[in-house]
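Welcome, and thanks for taking a look at this protein with us. Please open the sequence and the 3D view side by side, and let the headings below guide you through them.

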Amino acid sequence: MLALVTTACTNRVISHQPLFARDRALEGTLKEGVWASTEQGCVYSLDQPIQAWPECAQAALIGPKSFSKKEYLVAGDPLIVQSRFRNRGKASHYAYTAILPLARDSAGRVTSLKAWAVECGPPDIVGDGSEREVRVTKSPLPGLTVVGDNCTALEPAPVRNASKASQAWSYTVTRQWMRPSRRSDKFDAAIGWSVDPLFSLRKAEEAPAAEAPPPR
């Protein structure tokens with residue numbers, strides 16, 4: 001799911017096998033419908049189909065198709081999304097995203113959240129300004145082994161630990177339920193796409209000058 005610049009594939013906790021089992025009961029945790037970024041300066045109309053919304057909205061539909069055996073929610077504090085990725089010519093691997101619920105509706109479903117990538121440790125920042133480069137940490141968290149530009153985990157505990165610790169330095173995004181889905185909304189997304197900060201880094205080059213409207 002959920003594309004996260006040069007930092008997109010750097011300093012991420014990955015595993016070569018799924019470390020968490022799927023729990024279908026969690027698939028009703030997030031309220032179904034249209035979700036979007038709460039980024040200031042992104043203007044669009046809730047009355048339009050989401051395919052007409054600007055890229056800065058990062059709009060996505062959350063529903064039954066958002067979850068699969070390849071990508072699903074994992075219980076915890078914070079919640080974790082486990083996502084399988086396939087690299088052309090290479091074996092697939094799993095990456096992890098942390099989710100912190102911010103608000104729920106009367107039925108207990110999450111309607112607003114913060115999300116951040118589960119990372120190996122504080123990133124190694126080299127250079128400034130346009131020359132700034134983010135590299136894999138020099139101080140990996142316990143239970144993680146740096147391999148290339150990322151790090152690997154062999155069991156769930158280090159991933160859970162990193163999911164909490166990463167909030168201190170990882171790029172964080174806020175997502176909010178905006179409205180129920182409509183038949184005119186054509187875009188469907190896996191849960192990972194909808195919350196992963198890597199995708200949110202692909203921002204519109206020209207941001208309008210007003211905030212997105214509140215959900216109805």
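## A buried asparagine

Let's begin with N11, which is buried at a relative accessible area of 1%. Here buried means under 20% relative accessible area, exposed means over 50%, and partly exposed is in between, using a 1.4 Å probe and protein chains only. N11 is found in the segment before β1 (13–15). Leaving aside neighbours within four places in sequence, N11 is in contact with V118, E119, C120, G121, P122, P123, R135, V136, T137, D149, N150 and W169. Contact means heavy atoms within 4.5 Å.

Before going further, a word on the model: it is predicted, so local features need pLDDT of at least 70 and side-chain atom pairs count only at pLDDT 80 or more, while totals for chains, interfaces and linings use all residues. Residues are numbered from 1 along each chain as its sequence is written, and side-chain values use heavy atoms, with hydrogens and water left out.

## The protein as a whole

The protein has three helices and 12 strands. These are DSSP runs numbered from the N terminus: helices are H or I with at least four residues, and strands are E with at least two. Of the 216 residues, 47% count as buried.

## Nonpolar cores

A nonpolar core is a set of buried Ala, Val, Leu, Ile, Met, Phe, Trp, Tyr and Cys residues joined through side-chain atoms within 4.5 Å. The largest one here has 19 residues, and those with the most contacts inside it are V13, F20, Y96, V118, L144 and V159. Which of them gives the most? That is β6, with three residues.

Another core, of 14 residues, lies apart from the largest one, and L26, F67, L79 and A115 are among its members.

## Salt bridges

Side chains of opposite charge can pair when their charged atoms come close. A salt bridge is counted here when a side-chain nitrogen of Lys or Arg is within 4 Å of a carboxyl oxygen of Asp or Glu, and a search of the whole structure finds six. One of them joins E27 and R22, with 2.7 Å from N to O. E27 counts as buried at 17% relative accessibility, whereas R22 is partly exposed, with a relative accessible area of 27%.

D105 and R109 also meet through their side chains, at 2.8 Å from N to O. D105 is buried at 17% relative accessibility, and R109 is partly exposed at 34%. R135, which is among the contacts of N11, forms a salt bridge with E133, their closest N and O atoms being 3.4 Å apart. R135 is partly exposed at 38%, and E133 counts as partly exposed at 34%. Salt bridges that share partners also join K31, D105 and R109 into one network.

## Disulfides

A disulfide is a pair of cysteine sulfur atoms within 2.5 Å; searching the whole structure finds two. C42 and C56 form one of them, with their sulfur atoms 2.0 Å apart. The torsion about its S-S bond is about 85°, so this disulfide is right-handed. C42 and C56 both lie in the loop between β2 (33–37) and β3 (60–62), so the pair ties together parts that are 14 residues apart in sequence. Both C42 and C56 are buried.

C120 and C151 form a disulfide with sulfur atoms 2.2 Å apart. Why is the disulfide of C120 and C151 left-handed? Because the torsion about its S-S bond is about -100°. C120 lies in the loop between β7 (110–117) and β8 (124–126) and C151 in strand β11, so this pair ties together parts that are 31 residues apart in sequence. C120 and C151 are both buried. With bonded cysteines counted along the chain, the disulfides follow the pattern 1-2, 3-4.
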